[in-house]
Amino acid sequence: MCLGIPGRVVRMLDGYGGQLALVDVAGEHRKVNVGMLPEETFAEGDWVVIHMGFVVEKTDAAGAQAALEGLELMGRGRPESLGGAP
């Protein structure tokens, strides 16, 4: 798994060579490029991991949850017992 933001495909967008999807990311719709994964197909409800506006991984609900947990963990910083900031 890579570091990225999980989202769920709302729909594929017309045009753009079939490379743009509308994805729900934390309740907001974003246009993202799926062109880095030409071997994959995308449909409504698919989970994806996004980095810098590009889908870098197609995943499932468990993978999306793991990506979200990783982001949340990073936001907490280091625990004080490990010398982290207060």
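Let us begin with histidine 51, which counts as partly exposed because its relative accessibility is 42%, a value between the limits of 20% for buried and 50% for exposed. Please keep in mind that this is a predicted model. Histidine 51 sits in strand S4. Leaving out residues up to four places away in sequence, histidine 51 touches Leu3 and Val56. Leucine 3 is 48 residues away from histidine 51 along the sequence, yet their C-alpha atoms are 7.4 Å apart in space.

Now for the overall layout. Of its 86 residues, 29% are buried. The accessible surface comes to about 5,700 Å², and carbon and sulfur atoms account for 55% of that surface. If you look at contacts between residues at least 6 apart in sequence, 33% of them join residues at least 24 apart.

Next, two loops are worth a visit. The loop between strand S4 (47-51) and strand S5 (54-59) holds methionine 52. Methionine 52 counts as exposed because its relative accessibility is 71%. Together with Met36 and Phe54, Met52 makes a nonpolar surface patch of about 350 Å².

Valine 34 is in the loop between strand S3 (28-33) and S4. With a relative accessible area of 5%, valine 34 is buried, since buried means under 20%. Its contacts, apart from neighbours within four places in sequence, are Met12, Gly18, Gln19, Ala21, Phe42 and Val55. Phenylalanine 54 is 20 residues from valine 34 in sequence, with 6.1 Å between their C-alpha atoms.

| Residue | Relative accessibility | Class |
|---|---|---|
| Histidine 51 | 42% | partly exposed |
| Methionine 52 | 71% | exposed |
| Valine 34 | 5% | buried |

Finally, which residues line the largest pocket? They are Ile5, Pro6, Gly7, Asp24, Val25, Ala26, Gly27, Trp47, Ala64, Gln65 and Leu68. The volume of this pocket is about 150 Å³. Strand S1 (5-12), strand S2 (20-25) and helix H1 (61-76) each contribute at least two residues to the lining.

Notes: Residues are numbered from 1 along each chain as its sequence is written. This is a predicted model: local features need pLDDT of at least 70, side-chain atom pairs count only at pLDDT 80 or more; totals for chains, interfaces and linings use all residues. Side-chain values use heavy atoms; hydrogens and water are left out. Patches are made of residues with over 30% relative accessible area and no salt bridge: like charges are joined within 9 Å, nonpolar side chains (Val, Leu, Ile, Met, Phe, Trp, Tyr) within 5 Å. Accessible areas come from the Shrake-Rupley method with a 1.4 Å probe; for residues, only the protein chains shown count as cover. A salt bridge is a side-chain nitrogen of Lys or Arg within 4 Å of a carboxyl oxygen of Asp or Glu. Helices (H or I, at least four residues) and strands (E, at least two) are DSSP runs, numbered from the N terminus. Buried means under 20% relative accessible area, exposed over 50%, partly exposed in between (1.4 Å probe, protein chains only). Contact means heavy atoms within 4.5 Å. On a 1 Å grid over the protein atoms alone, a cavity is a set of points where a 1.4 Å probe fits but cannot get out, and a pocket is an open set with protein on both sides within 12 Å along at least five of seven lines; lining residues have an atom within 4 Å of a point. Grid points are joined across faces, edges and corners, and a volume is the space filled by probe spheres set on the points.
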